[in-house]
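Trainee: Could you walk me through this structure, a few questions at a time?
Mentor: Gladly, let's look at it together.

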Amino acid sequence: LCYLEHSSSRLFFSISLLSIFFTDFSFSFLSIMEIFKPKLCWVFMVLCLNLINYNGVEGFHRILPEYQSVSATSIDPDHRTGYHFQPPMHWINDPNAPMYYKGFYHLFYQYNPYGSTWGNIVWAHSYSKDLINWIPLEPAIYPSAPFDINGTWSGSATILPGNKPIILYTGLDTEYRQVQNIAFPKNASDPLLREWFKPDYNPVINPNKYMNATAFRDPTTAWYGKDGFWRVSVGHKRRNRGIAEVYRTRDFKTWTRGKHPLHSAADTGMWECPDFFPVSLKGTEGLETSVNGNHVKHILKVSLDLTRFDIYMIGSYNAGKERFIPDATSVDNSTGLRYDYGNFYASKTFFDEKNNRRILFGWANESDTKIDDIRKGWAGIQAIPRTLWLDQSGKQLIQWPIKELESIRGNAVHMTNVPLAEGARIEIKGITSAQADVEVTFSLPSLEYAEPFDPTWVDAEQACGSKDPNTLAGIGPFGLLTLASQNVEEYTPVFFHVFKFEDKPVVLMCSGGKMSSLDPDNYKPSFGGYVNVDVKDGSLSLRSLIDHSVVESFGAGGKTCITSRSYPTIAKGANTHLYLFNNGSIPVTVKNLDAWSMGKPRMNI
């Protein structure tokens with residue numbers, strides 16, 4: 001682990017290995033430890049003992065169980081979030097089975113109760129009245145039977161007629177096959193759904209002998225058809241073809257596999273955590289999962305294991321043929337539409353019947369090192385829940401933080417008509433910059449001043465990586481410097497760059513990058529996405545949710561979203577600053593800005 005995660009340790013490892021062959025081991029090893037002292041140097045001993053027996057990266061992964069149960073003895077608060085969902089300690093990943101039931105919201109999630117790396121996974125469980133303040137309960141599902149003894153992995157909830165909730169989830173059986181199981185609440189009258197039982201007739205869905213039993217997981221919420229059958233989709237792959245299998249049942253006990261997949265695509269790898277749901281052609285209200293007809297489109301979302309992207313397709317569902325047909329404008333591979341162009345994966349939606357909306361949860365994983373996660377005692381957060389609906393164009397989804405988030409806004413700052421000249425940097429004062437909510441609208445100059453767009457810039461992340469926010473250009477880069485130090489040695493920029501192509505605007509949105517931390521071992525990409533927006537009215541909006549080690553940003557009212565993880569070494573707590581900036585050669589104006597300090601809700605205490 002030390003070798004893989006730290007450049008200083010790679011040097012230490014190489015020199016030490018040479019010294020073993022050419023000098024006295026005890027002298028050279030202790031001398032080099034004294035000189036270099038990398039983090040957790042003792043891990044080197046584990047590496048030496050395993051190098052003979054294990055080869056390559058796979059060998060290192062086999063060592064991981066030793067660290068899956070390193071329980072946290074203390075929690076490093078430096079980068080812990082203030083208002084994002086996370087447990088008091090240890091590892092979390094996929095959100096599972098969110099639902100609204102008898103007056104409470106429920107969120108289950110993949111959790112390691114014994115350490116801050118992946119392993120020992122159970123279904124942790126929390127409930128809430130408002131999706132912001134969360135109270136923990138005992139784990140709902142954990143390995144306990146032959147059909148899940150080696151793992152209780154992701155799944156979904158379905159509310160059956162009569163307000164009866166059930167959960168379908170993936171278990172790893174005694175042969176490590178991935179099978180689909182069902183669980184029921186022990187007491188359906190309990191609004192907190194504290195206890196769940198797994199019937200002995202599990203598994204209810206098995207991979208057949210022709211399927212890859214090691215890539216068959218994550219059942220969706222079930223939907224009901226006019227033919228009296230319930231259906232679910234399960235992620236799968238055959239060779240390198242990603243597949244959303246479909247199964248139908250009348251009783252949730254006996255299931256039949258469809259003659260063909262709901263949808264599939266070549267060269268996309270494993271489709272994890274599929275999600276399938278309808279959206280209305282008009283308005284922002286959500287729809288119950290079984291709704292179908294001429295007034296809706298359907299969304300198929302899959303998490304691509306190869307790229308760690310959550311992509312979605314917009315299209316139509318042919319219930320008679322059990323097929324999803326993407327629209328011509330929707331692409332079913334890694335170049336397609338994404339919920340989020342940053343640290344956001346394994347997402348899951350549910351229909352909130354209380355407020356008639358569809359809500360999206362997503363996992364924002366860490367981008368520091370495993371050694372750092374062990375040291376700090378925790379890893380992983382859930383992004384702020386987002387309301388989701390179809391854009392008026394019908395070609396993409398819109399996402400926006402749930403309205404309940406506004407309940408924890410505190411001190412406010414308001415600014416209007418602030419000019420940002422070339423090279424300008426203006427501090428936003430009066431709020432807690434490390435824990436804030438910022439909404440800003442920029443007024444733009446004429447498109448005639450924009451740089452020409454190169455049509456070979458297909459990959460927005462690569463384009464952002466080549467467009468340094470400190471480089472003077474045309475219209476942009478301009479935006480926010482978040483999680484910034486006073487002298488701007490560290491900052492996480494969120495910015496726009498406006499180009500023109502055949503007299504039409506092309507808007508690039510970027511977040512993150514190498515300046516987010518002075519720690520050389522962190523993963524610090526400059527995430528990017530193009531924003532499908534017409535700036536004829538001369539305005540462009542941005543909202544950023546800043547929370548110590550995460551910045552969630554929403555461009556043009558939620559058309560493009562980017563989540564970045566950052567681990568500043570200087571810009572922490574009270575030493576964090578927030579700036580407006582413009583490094584374009586053409587001035588822009590802050591038409592309107594509202595920023596708030598954000599409070600600290602009850603979070604799994």
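Predicted model: local features only at pLDDT ≥ 70, side-chain atom pairs only at ≥ 80, totals over all residues.

Trainee: Does Thr221 count as buried or exposed, and why?
Mentor: The cut-off for buried is under 20% relative accessible area. Thr221 has a relative accessibility of 12%, so this residue counts as buried.

Trainee: How many residues of strand β5 are buried?
Mentor: Strand β5 covers residues 152–160 and is mostly covered. Out of its 9 residues, the number buried is 8.

Trainee: Which residue in β6 stands opposite Ser156?
Mentor: β5 and β6 (residues 164–172) pair in the antiparallel sense, over 7 bridges. The hairpin of these strands has 3 residues between them, and Gly162 there takes a positive phi near 85 degrees. Opposite Ser156 stands Leu168.

Trainee: What is the bridge partner of Tyr169 in β7?
Mentor: β6 also pairs with strand β7 (residues 178–185), antiparallel and through 6 bridges. Within β7, the partner of Tyr169 is Asn181.

Trainee: Which are the edge strands of the open sheet?
Mentor: The sheet has 4 strands in the order β5-β6-β7-β8, with antiparallel pairing. An edge strand here pairs on one side only. That applies to β5 and β8 (196–197).

Trainee: Which domains each give at least three residues to the lining of the second largest pocket?
Mentor: This pocket holds about 1100 Å³ of space. Its lining has 37 residues, with Thr335, Tyr341, Val458, Gly529 and Tyr530 nearest the centre. Elements giving two or more residues include β17 (309–318), α8 (460–466) and β33 (526–531). The domains are domain 1 (65–401) and domain 2 (403–598).

Trainee: By class, how many residues of that lining are nonpolar, polar and charged?
Mentor: Remember that Gly counts as polar and Tyr as nonpolar in this scheme. With that in mind, the lining of the second largest pocket has 18 nonpolar, 10 polar and 9 charged residues.

Terms used:
Residues numbered from 1 in each chain as written. Heavy atoms only, no water. 1 Å grid on protein atoms, 1.4 Å probe; cavity = no way out; pocket = protein on both sides within 12 Å on 5 of 7 lines; lining within 4 Å. Points joined across faces, edges and corners; volume = space filled by probe spheres on them. Domains from an automatic or database assignment. Buried < 20%, exposed > 50% of the residue type's maximum accessible area, 1.4 Å probe, protein only. Pairing = 2+ DSSP bridges.
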